[in-house]
Amino acid sequence: MHISDGVFRDPRVWVSACAAAGGLAGVLLARMDAEKIPRVALCTSFFFVASLVHVPIGPTSVHLLLVGLVGIVMGRLAFLPILFGLVLQALLLQHGGLTTIGINVLTMGLPAYGAYWLFGLERHFGFKAAPFVFGFLAGSAAVMLGLLLLKSVLVFADEAFVGVAWTLVIAHLPLVVVEGLITGSAGMFLKKVEPRLLEARGA
Amino acid sequence: MRKSWSVGLAAALFLLAAGGEAWAHKMIAASRVHDDGTVLLQAFFPDGKPARGVTVEVHRPDGSLLAAARTDEEGKLTVTPDGQAGQWTATFTGSMGHKTETRFRVETARQPTEAPGAVGGVAAPVARNGGPAAEARDESLIEKAPFPVADVLAGLGFVFGLSALLMCIKLRAQLRSIRSPEP
């Protein structure tokens, strides 16, 4: 779910997106406590590697995103692991593109914030499976929101992408369920094993 | 915090192990000019699987569009360049936002020929994908890329090295503020 170089013909689009993402990252880095850095590194690591795990769906396959998981673990700092992970994916694995990093960060970072907010509602419900249920909702909603943002951005870039964007959305629908299950399971597991990872909400 | 590290590292190692079987993200394009003047264009992923239904735009050396069509089930498309000798460009745009291109050189100009299974639009006489008479995929053009273990390890090393550096900077600033409290 990365946009490659060359999709945006108008440089003003990707330059402004890169500036926005860079500025946001700078503010978050400046305000971040030192004790949050290992968590950012861990989330960057699994976000970076997750793109190599492909889920075969019919004749095609889609790769994991784990945006929801990054969101529920990192909270407001979710932009940082996504930014670092995307930069490494572009430089080392040729996933996505360097000029589109700003747009990719925004289309994945905002859903991570959404997942963080959604998983936070779990505190108001006392039933045993609440971390899984809200983790599932957070992971699924993050992918859906990311898809909708990506579709909007692609169509904004070029009307010729209308058909492509719908294909992209449909191809990723099974991933919505897969990511929900992973995020729900991880949320349940972390709630039992290391709840501090979920309760710490960033800077 | 030690437990946090172990949980995260276990997750990262699991993902790394799971990714080894299915490394197929970047789209690769290749071309081969045949003696009869046709050009075979192929798109595939690093594991060799064909990139199906990818939109291909073929541009003449002067930049004008010759044909726009989609790759078939084997990720290939055949075009017949017309009119201009020189370096042609085929741009592949995949459904996941992937974009790549390949260039091929045409030495002598030829007239386009009618082809079975031709696709519509401006490409009709010069581009075809699939059909009973379509040629097989050229396996010699497929270059399977190995799983990028070194790149992944380099990335993880970079992440943890950078985090250590950031921690040093942050902690140094904190220590300085402790040593020199405001009067």
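These legends describe close-up views of a predicted model. Local features need pLDDT of at least 70, side-chain atom pairs count only at pLDDT 80 or more, and totals for chains, interfaces and linings use all residues. Side-chain values use heavy atoms, with hydrogens and water left out.

**View 1. Nonpolar surface patch on chain A.** M144(A), L148(A), V162(A), W166(A), I170(A) and L173(A) make a nonpolar patch of about 540 Å² (residues with over 30% relative accessible area and no salt bridge, nonpolar side chains being joined within 5 Å; Shrake-Rupley areas, 1.4 Å probe; salt bridge, a Lys or Arg side-chain nitrogen within 4 Å of an Asp or Glu carboxyl oxygen). Two or more residues each come from α6 (130–157) and α7 (162–193) of chain A (helices are DSSP runs of H or I, at least four residues). The largest share, four residues, belongs to α7(A).

**View 2. M144(A) in helix α6 of chain A.** M144(A) has a relative accessible area of 30%, and is therefore partly exposed (buried is under 20%, exposed over 50%, partly exposed in between).

**View 3. The largest nonpolar core.** This core has 60 residues (buried nonpolar residues joined through side-chain atoms within 4.5 Å). I3(A), V67(A), V73(A), M74(A), L80(A) and I82(A) have the most contacts inside it. Elements giving two or more residues include α1 (11–31), α3 (67–74) and α5 (101–120) of chain A. α6(A) gives the most, with nine residues.

**View 4. Surroundings of I82(A).** Neighbours within four places in sequence aside, I82(A) is in contact with F47(A), V67(A), V70(A), V105(A), M108(A), G109(A) and A112(A) (heavy atoms within 4.5 Å).

**View 5. A second, separate core.** Among its 20 residues are V54(B), A69(B), F92(B) and F104(B).

Key:
Residues numbered from 1 in each chain as written. Chains lettered and ligands numbered in written order. Patch = residues over 30% accessible without salt bridge, like charges linked within 9 Å, V, L, I, M, F, W, Y side chains within 5 Å. Buried < 20%, exposed > 50% of the residue type's maximum accessible area, 1.4 Å probe, protein only.
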